[in-house]
Amino acid sequence: MKLNDFEVLTFDCYGTLIDWETGILQELKPWLAQHNVQLSDDAILQAYAAHESKMEVDSPDLPYTDILYRVHQALAKDWNISPSGDEATKFSLSVKNWPAFADSHDALTILARHYRLAILSNIDNQSLQYSIAKLGIKFDFLFTANDIGSYKPSQQNFQYLIDKLRVSNIQPNKILHTAQSLFHDHVPAKAMGLATCWINRRHDKQGWGATPQPSDDIKPDFQFNSMAEMAEARGLTD
């Protein structure tokens, strides 16, 4: 299997193209400091991951802004902070502030010469538009939990992706799903028969960050530590 075997790259956005862990910490750490709560970055992200993943299973029809609102309220309870609707609302709307990884734009510009580009994301449509503006790239297809009615790692999201791309005469064997999260993306994508590429943004860190640990031992077809590495590798295949 080679990188030039594919016609479409389908990306998870948050954690792969957008640095959501930095964005989450930028929002939560000042709030915690205001309430004299001291926690490590890892502890904050692990707590976030636990609540977010549970709420996405329990309430698949909620838009992501509402998921974030409820996560914030759950974190306040965990950390004995009096819940505030204003603070939860601010957090729920914070995706627009989450930064892109420094290499995302240039790597996507290179990859767009070789593939059609798509996003399959656990996000609402409005928040995604803020992130696309930060990336500065035109994507050929956008598929969101907002439209699908469920959140990854549900296989329903990947079936939706496959069905929509088939309408554009793109067969599953021509799709390379590219993502950071083994839990949200690689486990279900491989279960649906898709090839995957792991952008291991946390290669120099311990733990799983803002994503739960995957339940299955999964082996992606390709692995890079950054989008820049992937773009460089694709250039070498010509």
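Predicted model: local features only at pLDDT ≥ 70, side-chain atom pairs only at ≥ 80, totals over all residues.

Visitor: Why are H1 and H4 called roughly antiparallel?

Guide: The axes of helix H1 and helix H4 (residues 85-92) cross at roughly 160°. Angles over 145 degrees count as roughly antiparallel, so H1 is roughly antiparallel to H4. The two axes come within 10 Å, and the crossing is right-handed.

Visitor: Which residues in H1 and H4 meet?

Guide: From H1 there are Ile24, Glu27, Leu28, Trp31 and Gln34, and these meet Glu87, Lys90 and Phe91 in H4. By class, the contact has four nonpolar, one polar and three charged residues.

Visitor: Which residues make the contact between H2 and H3?

Guide: On H2 they are Ala47, Tyr48, His51, Glu52, Met55 and Glu56; on H3 they are Tyr64, Ile67, Leu68, Arg70, Val71, Ala74, Leu75 and Asp78. This contact has nine nonpolar, one polar and four charged residues.

Visitor: How many cavities of 30 Å³ or more does a search of the whole structure find?

Guide: The search finds one. The largest cavity has a volume of about 120 Å³, and 14 residues line it. Closest to its centre are Asp12, Tyr14, Trp20, Glu52 and Asn122. Glu52 is also one of the H2 residues that meet H3.

Visitor: Which helices each supply at least two residues of that cavity lining?

Guide: H2 and helix H9 (182-191) do. The lining of the largest cavity divides into four nonpolar, five polar and five charged residues.

Visitor: What is the volume of the largest pocket, and which residues are closest to its centre?

Guide: The largest pocket holds about 160 Å³ of space. Of its 14 lining residues, Asp19, Glu21, Thr22, Arg202 and Lys205 are the closest to the centre.

Visitor: Which element gives the largest share of the pocket lining?

Guide: H1 does, with four residues. The elements that give two or more residues are helix H1 (20-34) and H2. By class, the pocket lining has four nonpolar, three polar and seven charged residues.

Definitions and conventions
Residues numbered from 1 in each chain as written. Heavy atoms only, no water. Contact = heavy atoms within 4.5 Å. Nonpolar A, V, L, I, M, F, W, Y, C, P; charged D, E, K, R; others polar. 1 Å grid on protein atoms, 1.4 Å probe; cavity = no way out; pocket = protein on both sides within 12 Å on 5 of 7 lines; lining within 4 Å. Points joined across faces, edges and corners; volume = space filled by probe spheres on them. Axes fitted to C-alpha atoms, helices over the stretch in contact; angles between N-to-C directions. Parallel < 35°, antiparallel > 145°, perpendicular 65-115°, else oblique. Left-handed = near helix turned anticlockwise from the far one by under 90°.
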